[in-house]
Amino acid sequence: MPRENRKRGKKHKKSAEDVTDFNKDVLHPEQEQELNEAGPSWIIPARNDAAVDLNAPFGYVDAEVKAYFRTVDVQIREWQETRPEVDGDADVDPNEDRRMFFVAALTEMSGKEKQLATDPDCSTILERMIHSMDDFVRRVFMDRLSGSFEQLSRHRFASHVCQTLLAVASDTVSREVRGVFPPTPESQEEEGELRTMTQLALDACEELLPSLSSLVLDSFASHVIRALLALLAPSVLSSVNSVPGRSANFAVRSKKSAAYKARQGSMKSVFGEDGAEQRRTKSTPKEFRDIAARFVSALRDQLGENEVRALAANQVASPVLQMILELEAAYGEADSPGSIMDHVLVGLITQLHESSSAIAPESDYLMTLLRDPTASHLLETLVRRSPERVFDSLWQTYFVGKLSRLAVHPVANFVVAQALERVNAEQLQAAIEELSGVSNKIVKNARTGVLRALVDRSAGLPRDAERVVELVATGFDLGSEDGKKLFVPCILSLKPLGEYKRAVEAASKLAEEPPKDEPRHKRRKAEDPLEPTTQGAILLQSILRSSAPGVDVSINSLQAIGIDEVIKMAHHVTSSRVLDALLESPTVSHKDKRKFVMSLLGHYHVLVDDRIGSRVGERCWAFADPYLKEKIARSVIPHEHALAGSAYGKFFSRHLALHILRRDPERWKSMQTVTKAPAIPTQAVAEHKAAVTASDAPDSSPKRAETGKRKAHKQDEIDALFDATLGKKVKKAELAAPAVDNEQETDKARVEKERGGEKGEKAKGKSKKRKEREEGVEDRDLANVLGAIRAAPKDDKGSKKRKKAH
């Protein structure tokens with residue numbers, strides 16, 4: 001210490017207490033030795049308690065590794081948006097560079113899978129890489145996660161990685177069921193036997209089954225359970241995704257997760273190899289059915305009745321419970337006392353087993369499910385999958401006499417619509433009578449799902465179908481004949497007749513007003529009161545697919561509103577679907593479809609000059625017969641140049657081949673006839689090919705064999721040389737036209753076929769060059785070879801015998 005900072009003073013003697021404290025601080029020799037070995041005294045030794053960071057239970061990822069995988073993510077994103085360049089050389093793999101890059105990334109990932117899966121940034125990169133992994137790499141990755149699957153399922157970021165892995169594992173399992181296994185690399189043979197994806201999935205199920213009841217309630221693990229159930233029983237749970245009004249992936253990911261994944265861009269293989277596999281029907285081994293049944297029994301054993309009912313209103317657990325109920329019903333275990341469905345229905349199945357004629361009392365719990373936004377989805381599943389007698393009891397107890405109130409409820413109307421799709425003829429008639437008094441309220445509150453369900457259920461019952469159409473017309477105040485002329489526009493805009501007329505008047509007044517002198521950025525797009533609604537379009541599509549009464553009313557309304565309104569409908573993304581249903585519906589007669597297509601003659605150039613209208617025009621063209629196609633094409637000829645400059649109409653104009661129609665109408669007609677010819681059935685094609693093969697097969701008689709040998713002896717060296725160089729080229733196009741297997745033949749092939757058919761009639765009087773150019777059957781290389789053969793000296797017949805001089 002510097003001298004100027006020192007202070008003088010008396011030294012105080014230490015008291016007895018200070019001496020005692022000093023003696024307490026004196027360390028034992030063993031402790032002093034431990035501290036000396038640890039280092040200086042100012043270093044604080046680490047605590048021995050094992051505290052685990054829940055955000056990174058397997059450790060944090062190094063900054064350098066994270067930076068490397070960011071570059072991997074950028075490169076994979078770029079490759080996913082572009083296709084690999086295909087060179088002319090067939091021996092060169094266009095994906096070679098991508099495979100080398102991907103192998104390097106996988107090598108860097110080896111041993112760090114769990115750390116990367118729990119990292120907030122790298123977990124998304126892992127999901128993107130999983131889609132590009134082959135079957136062997138997926139099995140290795142799944143094997144590295146085994147043993148920690150429960151912990152990873154509960155993690156915020158790793159759970160998404162597990163979901164994606166289980167989603168793509170279905171393709172690998174399907175290939176394993178078919179006996180397709182990838183070869184094991186030589187570098188992996190020394191590391192032991194790698195389990196198949198089927199066995200890895202079964203082991204993951206065994207790991208999660210003991211804690212299933214807690215995982216179902218976990219906000220992250222519940223989504224992994226859904227993905228696992230979808231992997232185990234894709235055939236059963238695919239019917240859940242096909243229910244109207246539900247998205248394709250609602251059972252696996254939440255809306256928030258699906259929106260986040262959509263923002264991450266395309267998730268597909270960078271090698272472009274997974275397109276065909278997605279369209280293939282998924283097949284699963286028989287062990288998957290047994291383990292899926294164990295999930296149902298495990299949840300039934302681990303939870304009591306009240307605990308199962310509590311899951312119904314839980315936003316996290318309710319979707320899992322729906323899937324469990326689907327599996328239980330599919331495996332035939334629902335109609336038994338003590339089942340999960342029995343627990344949710346408050347013992348209704350047990351009561352019916354004890355007394356089949358018993359009338360179940362109304363339960364406050366089920367009435368709550370009817371009106372709860374979350375639990376109503378579960379009740380929809382119960383209504384759809386319950387046994388017949390259970391549904392009859394539910395209908396009698398909870399729906400009869402209450403339809404007028406439930407049909408207009410913002411939540412319960414969805415359950416009513418689901419129940420109406422299962423009712424029998426007597427129940428349907430009673431429902432129509434009960435709902436006839438509240439049809440106006442149903443339309444006013446936009447609860448069209450109930451009306452759609454009535455239309456769909458009455459499709460096979462003509463008498464009930466007519467009553468349902470009258471019910472719909474009454475709801476829109478369209479009871480009179482004049483009112484039914486506006487049947488389509490009123491339903492499409494979802495407005496009753498009086499409100500629709502007022503909206504038309506308001507729209508006309510708004511169009512007559514002069515535009516305001518405001519800057520463009522300050523202008524607000526005025527809401528169109530006549531804007532087509534999705535609910536109205538869906539209702540009209542159901543009506544057009546139903547029986548005759550609804551179809552006739554809709555078609556008469558389309559004819560009454562005029563062609564301008566029809567074209568306006570065709571140009572709108574929502575209302576155009578109604579016209580698609582008109583052309584595709586099997587209940588609409590061919591005469592009505594033809595009449596609709598002919599009503600657009602003279603307006604096709606306006607119809608197809610739009611992004612949506614061009615698609616409707618293509619559908620009309622596909623439906624038309626050759627005679628009607630000629631009518632459409634000739635009506636478009638005056639506007640050919642305008643359509644050629646249109647961004648959308650030019651494609652329709654090219655498809656019509658107007659240049660051929662102007663120059664050669666007969667050939668154009670024959671082209672349309674070939675295009676419209678029905679496809680030959682597959683079995684007929686196979687039989688025809690077999691017959692042709694049998695007729696072309698060489699005869700086994702000795703005479704035919706001798707002829708072949710004689711021809712072989714007659715062939716000289718020049719012919720053999722040309723055959724080896726050029727091959728045996730046979731011009732089959734002149735002998736017979738190729739068989740048409742489908743309707744997707746290209747226009748170029750059709751033109752060549754027609755040219756080949758007309759060759760015999762138009763060949764006379766044409767020059768040789770014109771014949772070669774138009775018929776397209778002359779092979780220049782072959783012609784040169786034949787010319788060289790003709791010019792060669794013909795000395796292969798042997799030397800002539802000289803006459804003896806006499």
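What share of the contacts in the protein chain with a separation of 6 or more comes from residues 24 or more positions apart? Such residues account for 73% of them, where a contact means heavy atoms within 4.5 Å. Before going further, some ground rules: this is a predicted model, local features need pLDDT of at least 70, side-chain atom pairs count only at pLDDT 80 or more, and totals for chains, interfaces and linings use all residues. Residues are numbered from 1 along each chain as its sequence is written, and side-chain values use heavy atoms, with hydrogens and water left out.

The secondary structure comes to 50 helices and zero strands. Both are DSSP runs numbered from the N terminus, with helices being H or I of at least four residues and strands being E of at least two. Of the 806 residues in the protein chain, 39% are buried. Here buried means under 20% relative accessible area, exposed means over 50%, and partly exposed is in between (1.4 Å probe, protein chains only).

Let's start with helix H7, residues 135-145. Nine of its 11 residues are buried, so H7 is largely enclosed by the rest of the structure. The buried set is Asp 135, Phe 136, Val 137, Arg 138, Arg 139, Val 140, Phe 141, Met 142 and Leu 145, and you'll spot charged residues among them, such as Asp 135 and Arg 138. What covers these residues includes H4, H5 (113-117), H6 (122-130), H8 (149-153), H9 (158-177) and H10 (197-208). After H7 comes Gly 147, whose phi is positive, near 95°.

H4 (residues 96-109), one of the helices covering H7, is also where you find Glu 108. This residue is partly exposed, with a relative accessible area of 30%. Leaving out residues up to four places away in sequence, Glu 108 touches Val 65, Tyr 68 and Phe 69. Take Tyr 68: it is 40 residues from Glu 108 in sequence, and the C-alpha to C-alpha distance is 9.1 Å.

Next, a loop residue. Ser 339 sits between helix H18 (318-330) and helix H19 (340-344), and at 1% relative accessibility it counts as buried. A polar atom of the Ser 339 side chain lies 2.9 Å from the backbone oxygen of Ala 334, and the backbone oxygen of Ser 336 lies 3.1 Å from a polar atom of that side chain. Polar contacts like these are pairs of N or O atoms within 3.5 Å; within protein, one must be able to donate a hydrogen and the other to accept it, and residues adjacent in sequence count only if both atoms are side-chain atoms. Setting aside neighbours within four places in sequence, Ser 339 is in contact with Arg 300, Glu 328, Glu 333, Ala 334 and Ile 349.

Further along is helix H26, residues 425-435. At its start, a side-chain oxygen of Asn 424 reaches to within 3.4 Å of the backbone nitrogen of Glu 426. The buried residues of H26 are Gln 427, Leu 428, Ala 431, Ile 432 and Leu 435. They cover an arc of only 140° around the axis, which puts them on the same side of H26; the arc is that of the directions from the helix axis to the C-beta atoms. An α-helix has 3.6 residues a turn, so residues three or four places apart point the same way. The face turned away from the buried side carries the exposed Glu 426 and Glu 433.

What does the buried side of H26 pack against? Its partners are H23 (388-398), H24 (403-406), H25 (412-420), H27 (439-444), H28 (448-457) and H29 (462-475). With H28, the axes come within 12 Å and cross at roughly 145°; axes are lines fitted to C-alpha atoms, for helices over the stretch in contact, and angles run from 0 to 180 degrees between N-to-C directions. Leu 428, Ile 432 and Leu 435 of H26 make the contact with Val 450, Leu 454 and Arg 457 of H28. These residues divide into five nonpolar, no polar and one charged.

Ala 446, between H27 and H28, has a positive phi of about 60° although it is not a glycine, and is partly exposed at 24% relative accessible area. Leu 494, between H31 (487-493) and H32 (497-512), also has a positive phi, near 60°, but is buried at 14%.
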